[in-house]
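Me: I have a model open and would like to learn how to read its features one at a time. Where do we begin?

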Amino acid sequence: MALGITSLQPVATSPVESRWRRIVTPIPAPASIPLIERLRAAEPQSMAGLPPILWDQAEGFLVRDRYGNQWIDLTSGIVLANAGHAHPKIVAAIRESVERRLLATYAFPSEPRLQLLERLVSRAQLPDAKAILFSSGTEATECALMLMRRHGQQIHRDKVGILSLGGNYHGRTLAAQLASGKPTGAEWIDRGQVRHFQIPAPDCLGCPWAKPAYEQCGNECFQSGLQALAERGIDHRQIAGLILEPVPGWTTFPIPADFAAAAVRWAREHQVLVAFDEIQCGCGRTGKFFGGEHLGVTPDLVVLGKGLSSSLPVSAVIGRREILDQPQPGDMSSTHGGNPVCAAAALANLEVLEDERLIEQSARTGAIVLNRLQALQREYPDRVRAVQGVGLFLSIHLRQSGCNETDIELADAIAQEAVRRGVLMFTTGRGYLKFTPPLCIDVEAALEAADVIHTCLVERISTR
Ligand SMILES: Cc1ncc(COP(=O)(O)O)c(C=O)c1O
């Protein structure tokens, strides 16, 4: 019987030794199992969805365990280590901050927070902008949702609804989870009760309106979504805000620019604010600093996280002064938001992204790897539905033979086998593989990882 990717049953591996990959034990490493078992006993099973690799050290684009194995990391943690793991300048900034003995300041004035905020505001190029810092991405999306609701309420009492797109992801707390479009996770509460509404995402891989291919139909797609809302009796005048991922984490491809233009136009006409959740696609991941730059429209709010520090927990909401200044002093803050050590890490990270031209590198390396990975689709069109993405935000979508149904089992099996061969991947449970290494990855290493995926796919489909 095939063992699932999270299984703690060691599987024999063939030794791997390349410039970047080294596999010298069965996977999972037998010596790691007691510790992972203790971890599983101590935390909920929700935490056990990833390959059981005991991270001991992560540096640049490499992850090591303590048993001699080393992986090319295609996960960047969970799409967070944009500048690379443990970048020396980020480590130095953290160390310097710690050694100065300034570990926490809450909302008291502090210079690291100021420096980071000023940098973010100038980077965002939103008119008359301010920014606020938090720890997790979810906390920042929650703040954006709250700001949009407050803004709507000033227009009229019932204008507090939030519109989001199916399939997008915005976090784990109540409002963030309701705004998310995964089929599971938010089933415990009725969206209508709290005025969260969804329309289908413009997902051209599985068009919600059953069109065979994209034909400049973004406007029509958005209007059809609105129409479907109206048919459910939802009055769009109660909508205060629209939140979306400009480059969704699961398609890794920018939403159509004509869909974005239609959405923003509609929002402006109806005094609805637009928030771009850039937590995953921002900070250079897609070859531009903001994923939204692929769309050619300007949102009212931008939410960042993950790659903002490539390390410690930092997230941010950036937006126009009049929106961010709605809550009174003391009404919008977070104990660890703008923590000086985290702010120093984020500032150093932004400097590294710029000084080392990692955003341009993401675009360049991404294009080369995409080209290599697209061979999979040319060779196996029956099983590879699409290979797409921008920058180092790439995904391989698999389907079952002879139909267009996603092949979750195949995707998970390839990820599992790649891990046994020194390429670290995570499963998505949605029939696609994600190729999201740190942006600093050596192009040869990225191509080597692509070739490992290719081999795993070929072996897997020829043995089934
Ligand atoms: C697009 C997007 N929004 C929000 C979040 C939530 O961020 P966090 O896990 O830091 O709370 C994530 C995390 O994966 C994300 O990808």
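Predicted model: local features only at pLDDT ≥ 70, side-chain atom pairs only at ≥ 80, totals over all residues.

Me: How many salt bridges does a search of the whole structure find?

Reply: The search finds 24 salt bridges. The test is a distance: a side-chain nitrogen of Lys or Arg within 4 Å of a carboxyl oxygen of Asp or Glu. Asp 235 and Arg 237 pass it, with their side chains meeting at 2.8 Å, N to O.

Me: Are Asp 235 and Arg 237 buried, partly exposed or exposed?

Reply: Relative accessible area under 20% is called buried and over 50% exposed, with partly exposed in between. Asp 235 has 30% relative accessibility, so it counts as partly exposed. Arg 237 has a relative accessible area of 53%, and is therefore exposed.

Me: Which residues form salt bridges with Glu 417?

Reply: Arg 420 is one of them, its side chain meeting that of Glu 417 at 3.2 Å, N to O. Arg 421 also forms a salt bridge with Glu 417, and here the closest N and O atoms are 2.7 Å apart.

Me: Which residues are linked in a network of salt bridges?

Reply: The network links Arg 119 and Arg 123 with Glu 351 and Glu 354.

Me: What else does Gln 70 touch, not counting residues up to four places away in sequence?

Reply: Its contacts include Arg 19, Arg 21, Arg 22, Ile 23, Leu 62, Val 63 and Gly 422.

Me: Now the ligand. Which residues surround it?

Reply: Start with the shell, then sort it by class. The ligand is surrounded by Ser 136, Gly 137, Thr 138, Tyr 169, His 170, Gly 171, Glu 245, Asp 277, Ile 279, Gln 280 and Lys 306. By class, that shell has two nonpolar, six polar and three charged residues.

Me: Which side chains have an N or O atom at 2.7 Å or 2.9 Å from a ligand atom?

Reply: Asp 277 has a side-chain N or O atom 2.7 Å from a nitrogen atom of the ligand. For Lys 306, an oxygen atom of the ligand is 2.9 Å from an N or O atom of the side chain. On its own the ligand has 390 Å² of accessible area, and the protein covers 82% of that.

Me: What should I look for in the backbone?

Reply: Most residues other than glycine have a negative phi, and most peptide bonds are trans. Exceptions can then be picked out. The peptide bond from Ile 27 to Pro 28 is cis, with omega near 0°. Pro 28 is in the loop between β2 (22–23) and α1 (33–42).

Me: What are the phi values of Gln 216 and Ser 310?

Reply: Neither residue is a glycine, yet phi is positive in both: about 50° for Gln 216 and about 55° for Ser 310. Gln 216 lies in the loop between β8 (196–199) and α7 (218–231), and it is exposed, with a relative accessible area of 64%. Ser 310 lies in the loop between β11 (301–304) and β12 (315–320), and it counts as buried at 4%.

Me: Last, is Ile 396 buried or exposed?

Reply: Ile 396, in strand β14 (residues 393–398), counts as buried at 2% relative accessibility. To see its surroundings, leave aside the neighbours within four places in sequence; among the remaining contacts are Leu 373, Leu 376, Val 384, Tyr 432, Leu 433 and Ile 453. The C-alpha atoms of Ile 396 and Arg 237 are separated by 39 Å.

Notes: Residues numbered from 1 in each chain as written. Heavy atoms only, no water. Buried < 20%, exposed > 50% of the residue type's maximum accessible area, 1.4 Å probe, protein only. Contact = heavy atoms within 4.5 Å. Near = heavy atom within 4 Å. Polar contact = N/O pair within 3.5 Å; in protein donor to acceptor, adjacent residues only side chain to side chain. Areas by Shrake-Rupley, 256 points an atom, 1.4 Å probe, with all protein chains shown as cover. Nonpolar A, V, L, I, M, F, W, Y, C, P; charged D, E, K, R; others polar. Helix = DSSP H or I, 4+ residues; strand = E, 2+ residues; numbered from the N terminus.
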